[in-house]
Amino acid sequence: LKGVIHDLVQTHSIEDLHLHIIDPKQMDFVRFQKLEHVRSYSQTQEESIASLQAIQGEMESRMKSFGENGTSSLGDYNNKVGQMPACVVIIDEFRDLMDAADKPEREEMMKIVTRIAQIGRGVGVHLILATQRADADAVKGSLKTNLMARACLRVPDIQASKMMIDKTDAVKLGDKGDMFFKDGSGTITRVQVPFIDTDWIL
């Protein structure tokens, strides 16, 4: 995820891109909240739910504005109306975030995250989920269906590999950034993830 954030902030201005980071482990992304691109940084359950609710409100507002202006995409809106930044929601340790929540909180967060996955792209709101436990309980149902692009490092068993890339090959990956990337069309590419030191970003 550090590599993704590095690429995003290096290639987009703060007028073009807003980031929202949810960090349940409360340590991996603490320093990233200093970035001007970061509009919200959440650690606790309460902060995470509030952030997701605000993002949902932003998404609904964008849908209304797109409809009122007869636009069908972020690029179309920016060409016809004015500058609206893309929004990227990054949730680290998604499975742990869900497990730590009580049932009402879990249902609320899952409902919003699924909604973002279903319609967010159309209004420039994009979702990145990360989990170290890739199983059917972590990402399921319509949420899994709408997460079309997937990145997968080495996993411990065939079931996790199938969950991520619909093939068993991820158990054979090496370490230190050896990864499969499955794009929205289903094409799987083996790539090397760069090492990114946090000091390079801040």
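I begin with E93, which touches P24, K25, A130 and Q132, leaving aside residues up to four places away in sequence; contact here means heavy atoms within 4.5 Å. This is a predicted model, in which local features need pLDDT of at least 70 and side-chain atom pairs count only at pLDDT 80 or more, while totals for chains, interfaces and linings use all residues. Residues are numbered from 1 along each chain as its sequence is written, and side-chain values use heavy atoms, with hydrogens and water left out.

E93 lies in the loop between strand 3 (86-91) and helix 4 (94-100); helices (H or I, at least four residues) and strands (E, at least two) are DSSP runs, numbered from the N terminus. Its relative accessible area is 5%, so E93 is buried, where buried means under 20% relative accessible area, exposed over 50%, and partly exposed in between (1.4 Å probe, protein chains only).

Most residues other than glycine have a negative phi. E93, although not a glycine, has a positive phi of about 50°. K176, also a residue other than glycine, has a positive phi near 55°. K176 sits in the loop between helix 7 (158-165) and strand 6 (178-182) and is exposed, at 74% relative accessible area.

Turning to the nonpolar cores, these are sets of buried Ala, Val, Leu, Ile, Met, Phe, Trp, Tyr and Cys residues joined through side-chain atoms within 4.5 Å. The largest has 44 residues, of which I5, I91, L127 and L143 touch the most other members. A second, separate core of nine residues includes V155, A160, I165 and F180.
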